[in-house]
Amino acid sequence: MTTAQAQKTAISLETTCENDCIFCRDARSLQRKGSSPASLLAALKDWIRQAADRGVRELEIGGSEPLNGPLLFALLDVAKQQGMKDITLITTGRKLKSMRLLRRLCSQGVTCFRIPIYGSKKRIHEAVTRTPGSFRDLIHALENLKRVEATTYLRCLALRCNQGDLSNLTRTVLKKFPQMHFGIADLKPTSESLIFYRNIFPGYRSLFPHLKKAYQCFKAARPLTPGFIDYFFSALLSFPFCLIDRIDPRFLKTQTAKKILRDKDFRDSDSSYSYARRCRPAPCRGCRYRDACPGLYTVSYLAYGEGDLFTHPKNG
Ligand code: SF4
Ligand code: SF4
């Protein structure tokens, strides 16, 4: 279980996962310790009931691969009985290559799917998941989701091994799955090891031209629309603001950006990650975005130093 807020609650089933992503601490080895499935199920059912009693109508179910555990459908039953209207499943997507399973999930109340994608090609995606067949399964699943017109959010983390493909991936998603939401996000560190982080994350200076190209490609196809928050733009705000400013100096001034930054879920999004501490090193002191920007991940600062920032002086 993670958070409960006025509008939304989230539960984590912490099951095993078929993928073995390069940045993941859990991967295949994760074994739930402590509670038995029966007591966990009872606790999660209680959690959903209590949230529903408080008027919460949105539920998010995640935890490695929730489709692997024995609890999901029992929890969906409870969520339905308790009147949950929006149920999001965070999944690798691989099992959704089964249309039967997908239809069952939709009929049991799942209204939205959140799925990671790391590259436009097998070679790039599987360099991240380190699991042969994961790209083929994912594309098959996305075709199924497209057929049933399920609300789908695709998220790509910007990494050393896929940065050169970010604009290709953006183009591919826009072309093949135009009705899906797509965003590129900063990697939340999952370890304090600098070597580990450097091996996986390229640093903001290196990432900049690739992210800019992807941004331009997306914006040309789906321009910023006043009053409408596109997932691409909210994911972009996970990066340090000086990088965003360098990509598009106008973006942070838009109503869209300001609206996203006011959102409580957005501001709280780091809180459940123990290694996702942020810092504001010396150059941030004179930065015009200091008050709004959450800073950068401490491990990123330690790995790449302050020279990796595009500090924007207050009077610049
Ligand atoms: S899909 Fe998610 S849980 Fe599975 S290995 Fe990758 S990051 Fe970890
Ligand atoms: S506060 Fe620091 S990290 Fe944020 S935009 Fe300014 S220089 Fe970049």
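**Questions on a predicted protein model**

Me: Is Arg130 buried, exposed or partly exposed?
Reply: In this predicted model, Arg130 has 14 other C-beta atoms within 10 Å.

Me: Where is Arg130 placed, and near what value is its phi?
Reply: Arg130 belongs to the loop between helix 4 (122-129) and helix 5 (134-148). Most residues other than glycine have a negative phi. Arg130 is a residue other than glycine with a positive value, near 50 degrees.

Me: Which loop holds Ser64, and is Ser64 buried or exposed?
Reply: The loop with Ser64 runs between strand 2 (58-62) and helix 2. The phi of Ser64 is positive, near 50 degrees, although Ser64 is not glycine. With 24 other C-beta atoms within 10 Å, and 20 or more being enough, Ser64 is buried.

Me: How many residues surround ligand 1, and which are the closest?
Reply: The shell around ligand 1 divides into five nonpolar, three polar and three charged residues. In total, 11 residues surround the ligand. The closest are Cys17, Asn19, Cys21, Cys24 and Ser64.

Me: Which residues are the closest to ligand 2?
Reply: The shell around ligand 2 has 14 residues. By class, 10 are nonpolar, two are polar and two are charged. The closest are Phe241, Cys242, Cys284, Cys287 and Cys293.

Me: Are helix 1 and helix 2 roughly parallel or roughly antiparallel?
Reply: Two packed helices are described by the angle between their axes and the distance between the axes. The axes of helix 1 (residues 37-53) and helix 2 (residues 72-81) come within 10 Å and cross at roughly 25 degrees. Angles under 35 degrees count as roughly parallel. Helix 1 and helix 2 are therefore roughly parallel.

Me: What is the handedness of this crossing, and which residues make the contact?
Reply: The crossing of helix 1 and helix 2 is right-handed. The contact is made from helix 1 by Leu41, Leu44, Lys45 and Ile48, and from helix 2 by Ala74, Leu75, Val78 and Ala79.

Me: How many nonpolar residues does the contact of helix 1 with helix 2 have?
Reply: Sorted by class, the contact of helix 1 with helix 2 has one charged residue and no polar ones. The number of nonpolar residues in this contact is seven.

Me: Is Ser234 buried or exposed?
Reply: Ser234 lies in helix 9 (residues 231-236). Although Gly183 is 51 residues away from Ser234 in sequence, the C-alpha atoms of the two are 7.8 Å apart in space. There are 21 other C-beta atoms within 10 Å of Ser234. The limit is 20 or more, so Ser234 is buried.

Me: How far apart in space are Arg277 and Glu192, C-alpha to C-alpha?
Reply: Arg277 is found in the loop between helix 12 (264-267) and strand 7 (278-279). Arg277 is partly exposed, with 13 other C-beta atoms within 10 Å. In sequence, Arg277 and Glu192 are 85 residues apart; in space, C-alpha to C-alpha, they are separated by 9.8 Å.

Me: Among contacts between residues at least 6 apart in sequence, what percentage join residues at least 24 apart?
Reply: The protein contains 13 helices and eight strands. Of its 316 residues, 36% are buried. Among contacts between residues at least 6 apart in sequence, the share joining residues at least 24 apart is 76%.

Conventions. Residues are numbered from 1 along each chain as its sequence is written. Chains are lettered from A and ligands numbered from 1 in the order in which they are written. This is a predicted model: local features need pLDDT of at least 70, side-chain atom pairs count only at pLDDT 80 or more; totals for chains, interfaces and linings use all residues. A residue is near a molecule or strand if its C-beta atom, placed from the backbone, lies within 6 Å of it. Ala, Val, Leu, Ile, Met, Phe, Trp, Tyr, Cys and Pro count as nonpolar, Asp, Glu, Lys and Arg as charged, and the others, Gly among them, as polar. Axes are lines fitted to C-alpha atoms, for helices over the stretch in contact, and angles run from 0 to 180 degrees between N-to-C directions. Helices (H or I, at least four residues) and strands (E, at least two) are DSSP runs, numbered from the N terminus. Angles under 35 degrees count as roughly parallel, over 145 as roughly antiparallel, 65 to 115 as roughly perpendicular and the rest as oblique. A crossing is left-handed if the near helix is turned anticlockwise from the far one by less than a right angle, and right-handed if clockwise. Two residues are in contact if their C-beta atoms, placed from the backbone, lie within 7 Å. A residue is buried if 20 or more other C-beta atoms lie within 10 Å of its own, exposed if 12 or fewer, and partly exposed in between; C-beta atoms are placed from the backbone.
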